[in-house]
Amino acid sequence: MTSRRLVLSRGGALLGAASSGLLLPELAQAQPGKVRVGLMLPYTGTFAQLGVAIENGFRLAIEENGGKLGGREIEYYKVDDESDPSKGVENANKLVQRDKVDVLVGTVHSGVQMGIQKVARDTGVLSLIPNAGAHAATRSLCAPNVFRTSFTNSQPTLALGKAMMDKGHKKAVWITWKYAAGDEAYEGFKESYTAAGGTIIKELGLPFPQVEFQALLTEIASLKPDAVACFFAGGGAAKFIRDYAAAGLKGKIPLYGSGFLTEGVLDAAGPAAEGIITTMHYSDSLDTPRNKAFRLAYAKTYRMQPDVYAMQGYDTGLLLVQGAAAVKGDLSSKVALYKALESATIDSPRGKWTMSKAHNPVQDIYLRVVEGKENKVLGVAAKALADSGAGCKMG
Ligand code: PHB
């Protein structure tokens, strides 16, 4: 029996060995102390609502599974990372060094994620990525203790190029925030669009999180592409959609994007979002009992509709529940824990998915269109799409 040690979660201090068999079976397996879960997410700035949705989804999954992890109660520790990459390491260390969390859940912004990745690699803390798509986290800088439940930045856009060419759009302009997420989303778009025979006539960008789109929209109008493809998210995405319509481009030059463009922003964007086509590993309208049950539970609990971020937070909770159950709450049993996380099948609202060798979801990418207040699914744009995991060497 491996789990007859009584271990304090804080600092992992050994309290005593109980191998005599005198303990009752329940006591022998119980792990004293609470599991310390760190949430490092944006709670302010353009991604604030993404952070809240992730936390909501995460907590919902835990609550639906009895509110515990492997039989242990949970203590939450929270840090607002402000989507500020310059504070990434410092903020991750607040959770890992100061609060001694057993698991760090975070974050949204790819640049901030690189700070978490450094701390995760240096300290070995279990790191679960509920959004940020930075390629390096599951490519060249992959690690046995890092698992992503979301996507890589190029995964959604690898399905976008062909969808646009299928609609006959042969010349496109690309526009994004110039940072890792936008640049890597562009990689996926470029690969898929040019492979399908399309030509990218101009690549436009502005620094994150700026939202002064006017000059760029004027440029798009004069370039007259067949279509525009983009990466934006959160509050900035809502403004981009509104500004695109206000500039007179809606209805003239079709707007496409990786699906973040239309996630969680349909109320804020209003009618300007109608008809936007995107590719994404989720759709509100997936007509499955699993998705419907999730959406109902989320709406009942939080009095708002879930989006892709809520779903990813939820899946992060499901993954951790599975891992913790496999080691009966003893998260210090790393070999067994990682094995359980690696081999998990997540019964997700997006559809069932598994981990790639580099610890990133292998998942279907859906083609969707905005209709009313919904991202309506049109079909599967890429089946069981795996990131390349290029350069990932574990161990
Ligand atoms: C990222 O920075 O990786 C990122 C942020 C927001 C998204 C998607 C990706 O919606």
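First, the ground rules. The model is predicted, so local features need pLDDT of at least 70 and side-chain atom pairs count only at pLDDT 80 or more, while totals for chains, interfaces and linings use all residues. Residues are numbered from 1 along each chain as its sequence is written, and side-chain values use heavy atoms, with hydrogens and water left out.

Helices and strands here are DSSP runs, numbered from the N terminus (H or I, at least four residues, for helices; E, at least two, for strands). Axes are lines fitted to C-alpha atoms, for helices over the stretch in contact, and angles run from 0 to 180 degrees between N-to-C directions.

Start with helix α2, residues 48-64. It packs on α12 at an angle of about 40°, with the axes 6 Å apart. α2 passes α12 in a right-handed crossing, meaning that the near helix is turned clockwise from the far one by less than a right angle. Residues in contact (heavy atoms within 4.5 Å) include Leu50, Ile54 and Phe58 of α2, and Tyr309, Tyr314 and Leu318 of α12. The residues of this contact divide into 13 nonpolar, four polar and one charged. In that count, Ala, Val, Leu, Ile, Met, Phe, Trp, Tyr, Cys and Pro are nonpolar, Asp, Glu, Lys and Arg are charged, and the others, Gly among them, are polar.

α12, residues 308-326, also meets α13, residues 334-342: their axes come within 8 Å and cross at roughly 140°. That makes α12 oblique to α13, because angles under 35 degrees count as roughly parallel, over 145 as roughly antiparallel, 65 to 115 as roughly perpendicular and the rest as oblique. The contact is made by Leu319, Gly323, Ala324 and Ala326 of α12 with Leu337, Ala340 and Leu341 of α13. Six of these residues are nonpolar, one is polar and none is charged.

Among the residues in contact are Val89, Ala92 and Val96 of α3, and Val112, Ile116 and Val119 of α4. This contact has six nonpolar, five polar and one charged residue.

Now the ligand. A backbone N or O atom of Val108 is 3.4 Å from a ligand oxygen, and a side-chain N or O atom of Asn153 is 3.5 Å from one.

Next, the backbone. Most residues other than glycine have a negative phi, and most peptide bonds are trans. Lys100, in the loop between α3 and β5, has a positive phi of about 55°. A cis peptide bond joins Gly106 and Thr107, with omega about 5°, and another joins Phe208 and Pro209, with omega about -5°.

Last, Leu367 sits in strand β15, residues 361-371. Its C-alpha atom is 9.6 Å from that of Pro156, 211 residues apart along the chain.

How values were computed. A polar contact is a pair of N or O atoms within 3.5 Å; within protein, one must be able to donate a hydrogen and the other to accept it, and residues adjacent in sequence count only if both atoms are side-chain atoms.
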